Amino acid sequence: MNPIITAFANGIKKSGVELSNMVLVSDIPFEPEIIKELGVDFFHITRGRAIAFGTGLKLGNPDLKIVAFIGDLMTLGGNHLVHSGRRNMEMLVICVNNFVYREIAGTPAPSVSPGFSAFSTFEKPFNAPHLANSCGAVFTARWTALHTNDLTNSIANALDKRGFSVIEVLSPGPNFYKDINQIDSELLDFYYKNSVTKNNEDTRNVEITPGEKIITGEFTDKEKPTFIDTYNAQLSKILGDKFIPHGGQSGGD
Amino acid sequence: MKTNLKAVLTGTHTLSGNEAFIEGAFAAGCRFLAAYPIMPAIETIERYLKRSAEVGATFIQMEDEISALAAVIGASWTGKKSMTVTSGPGFSNMMEHLGLGVMLETPCVIVDVQQSGPSLGIPTRAGQGDMMQARWGSHGDYEVITLSPSSPQEMFDFTIKAFNFSEKYRTPVIIMSDEYVAHKKEKVIIPRADEIKITPRRYFKGQKDKYLPFKRDKDFVPRMVDIGDGYKFHVTGLTHDDKGYPIMLEECQEYNVHPILWKIRNDTEKIIEFQEIGTKDAEIVIVYYGATSGAASKAIKQARDLGIKVGSLKLDTVWPFPDKKITELAEKVKAFVVPEINYGQIVSEVERCSYGNANVVFVSHGENGIDNTEDIVSAIKLALNEEKIKKGIIEYQSQTGRV
């Protein structure tokens, strides 16, 4: 996780985002001291539901910048991903993909290609950037945890975007080929050597396949009205002057 | 707190329970609803949408009830009073996040418009089958406050109470409505805004770097701040300390969870509300709540006309359960009669608190709907004629409607 946090911290610095408005929502327990160091509000909540929780935060206070770190994105969080993409709910989702459930030896995640994990799996995997792109995300990217600079840039770019952005970060998991003690450098090295960067690649082509190079890069970058934009536009069309813009001086109390 | 006058529809109206709920919520200061549509709760959303623009309230239709409650808990941390509405199947979906709301000590209100169950049941018929689920449905130990309205007027009044309790104790509060109360249209009197008592959120007002999200006041209730106000705090659903940092130790489990339970247990006498009528000289006391109120009050009148000394205890808050009151009454009366639209839930609580001092007769309205006054009267007669104290619950065998 640590290289991702570093990239995240640098990404915030590089972007134009006010730190005081930033909230992190995650289903992964972070080291609290790291969060303190980052200087953001932090919610560690139920598995896979960070997007839904973040939706409430965003609508409660539209000035907030929501970043959701999610492990169980394509399983428990799948439907929230799909619908938030459709709505273009303004937030950045960082999917930390280590292919396995860390605590449970070898249980494959739905992003695993056949043959990747210790127990292996025969199911077809999700292609996370393609899934997000198809649902309507305005920004998608994939990097490994070792692509520190690229990841930093992508995080900064995504933070500056209005809309639903998804960055997939491939990060080492303990049961992925290696013994847990050997994991760090060797595995990262593996990722790095076996990946190739193709920016603006069609997300249909970026599926992770064993024996082939992992395609990294920024794939989607488009503009679309956000949920709050459309909400306000729709209601002011119907109500005219009576309408109080969403998240404005709400309710007067 | 400044009150938005448009939010309080002062005057006399004819409203259904579902509509009265929304008016109660707006009057209480609620400005956020996240929900997934379900019968028979759906009219609440329609009413909310109709009124939300002039009130300045936000609505989002989420993808399911799991995300609806997650969004509600999130929105509550931004300082908005928040709620969700659902019915049985959706309520089951919400159970994980009910626990999250308890653990993060987040004020919010959930309305469960009960229908028949299990599973899909009959979405258009009243039920009271979720009473135990509200109390025990989420994993781990928790206390919950539930209110059980029996009319649109109570729906309005109890909704305000529910928001007040949720702010006072920093906990989710559940309103156990049902299809009957939800759809029944009656006169509802909405008072002036300045006549409505609102419990404000208990905010931390110290230095920004000194805020601890779970540091408790003497009554075990911690103080809140609004997210985005620069307090930079850490919150987790894992067992945590005052700082909100996860600590995986047994001592911390005790340190964390004990006060979450006892902030409510210590105050049960202040929370519990019931309406007690004619129990002084009563031989039989009918204990009821929610939709069975109509049939129960009719039965009480009929039994009194027959010369039977019947008293009644209508539970406004079902959880926490009025243990003391039932125990006290059990020593004086011969029997309790408990009608419910289920196959026995709150009746077992009445029996538990009776300690064998009074008979407990259960009238199941499982299939008979909410109007079966006759059964209750017959059950009263049965209770009266039952001489010896029997252990366990005596189930009244209905003469009508059984398959």
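Strand β5 of chain A, residues 139–144, is mostly covered, with six of its six residues buried. The model is predicted. In a regular strand, side chains alternate between the two faces of the sheet. Both faces of β5(A) are covered. One side carries A:Phe139, A:Ala141 and A:Trp143, and the other carries A:Thr140, A:Arg142 and A:Thr144; all are buried. β5(A) runs parallel to strand β6 of chain A, residues 164–170, and six bridges join the two. Within this pairing, A:Phe139 stands opposite A:Ser165 of β6(A).

Chain B contains 14 helices and 16 strands. Its radius of gyration is 22 Å, close to the 22 Å given by the globule rule for 403 residues, so chain B is as compact as a globular protein of that length. Along the principal axes, the C-alpha atoms of chain B fill a box of roughly 70 × 50 × 40 Å. Of the 403 residues in chain B, 55% are buried. Among contacts in chain B with a separation of 6 or more, 77% link residues 24 or more positions apart.

Two helices of chain B pack together: the axes of α1(B), residues 17–28, and α2(B), residues 42–55, come within 8 Å and cross at roughly 35 degrees. The crossing is right-handed. From α1(B), the contact is made by B:Asn18, B:Glu19, B:Phe21, B:Ile22 and B:Phe26. From α2(B), B:Glu43, B:Thr44, B:Arg47, B:Tyr48, B:Arg51 and B:Val55 take part. By class, this contact has five nonpolar, two polar and four charged residues.

Key:
Residues are numbered from 1 along each chain as its sequence is written. Chains are lettered from A and ligands numbered from 1 in the order in which they are written. This is a predicted model: local features need pLDDT of at least 70, side-chain atom pairs count only at pLDDT 80 or more; totals for chains, interfaces and linings use all residues. Axes are lines fitted to C-alpha atoms, for helices over the stretch in contact, and angles run from 0 to 180 degrees between N-to-C directions. Helices (H or I, at least four residues) and strands (E, at least two) are DSSP runs, numbered from the N terminus. A crossing is left-handed if the near helix is turned anticlockwise from the far one by less than a right angle, and right-handed if clockwise. Two residues are in contact if their C-beta atoms, placed from the backbone, lie within 7 Å. Ala, Val, Leu, Ile, Met, Phe, Trp, Tyr, Cys and Pro count as nonpolar, Asp, Glu, Lys and Arg as charged, and the others, Gly among them, as polar. The radius of gyration is taken over C-alpha atoms; the globule rule is 2.2 Å times the number of residues to the power 0.38. A residue is buried if 20 or more other C-beta atoms lie within 10 Å of its own, exposed if 12 or fewer, and partly exposed in between; C-beta atoms are placed from the backbone. Two strands pair if DSSP finds at least two bridges between them.
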